[in-house]
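Open the model in your viewer and have the selection tool ready. This tour goes from one selection to the next.

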Amino acid sequence: MRVTSNTISRKADPQAQKGLGFSSGQLVQEFYWDEDVDEQLRRAIVDSTGEDLIDSEDTNLVDGVIVWWRADDAEVDDLADVLIDAVGNLDNGGLVWVLTPKPGKSNHVAPADIEEAAGTAGLHPTSTTTVGPEWAGTRLSAPARQ
């Protein structure tokens, strides 16, 4: 089944590059870090929050999540599993970002794949933006916990 994109695309957002909208005191958990990630963006998140990024193995509640995802990391179902795990640690109203190589770059991930995985995890894409020279970010909204 083909999923069409309903996300909002826009050019590089200075706010995104300065921490993806995370604010002081928030705890942000990071999944699928590798040597190719944008270290400047990681530093911007740490600078915005004043907190180190939380390892993916941590099970405490966090205020936000970033997932670095590349086409060769695994299948769409695996991204859905990562997002389900991430949401399990997410406090109410937390931000979720899936960070992927930009279109035209090696290991780019199709927006439809992100939407499919997000839907499986109970998330909804809200926007897509350039977050660095090599990376795009798709912001996902999570439902409030009951």
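Rings of Phe, Tyr and Trp (for Trp, its six-membered ring) count as a pair if their centres lie within 6.5 Å; planes under 30 degrees apart are called stacked, over 60 edge-to-face, and the rest tilted. By that rule, a search of the whole structure finds two aromatic pairs.

Select Trp68 and Trp135. Their ring centres are 4.8 Å apart and their planes are at 80 degrees, so this pair is edge-to-face. Trp68 lies in strand β3 (residues 62-68) and Trp135 in strand β6, so the pair links distant parts of the chain, 67 residues apart. Strands (E, at least two residues) and helices (H or I, at least four) are DSSP runs, numbered from the N terminus. Both Trp68 and Trp135 are buried, meaning under 20% relative accessible area; over 50% is exposed and in between is partly exposed (1.4 Å probe, protein chains only).

A note on the model: it is predicted, local features need pLDDT of at least 70, side-chain atom pairs count only at pLDDT 80 or more, and totals for chains, interfaces and linings use all residues. Residues are numbered from 1 along each chain as its sequence is written, and side-chain values use heavy atoms, with hydrogens and water left out.

Next, select strand β6 (residues 135-141). Five of its seven residues are buried, so the strand is largely enclosed by the rest of the structure.

Which strands pair with β6? Two strands pair if DSSP finds at least two bridges between them.

- Select β4 (residues 90-101): β4 and β6 pair in the antiparallel sense over six bridges. Leu99 has Gly137 in β6 as its bridge partner.
- Select β5 (residues 124-130): β5 and β6 are also antiparallel, over six bridges. Pro125 stands opposite Leu140 in β6, and a hairpin of four residues joins β5 to β6.
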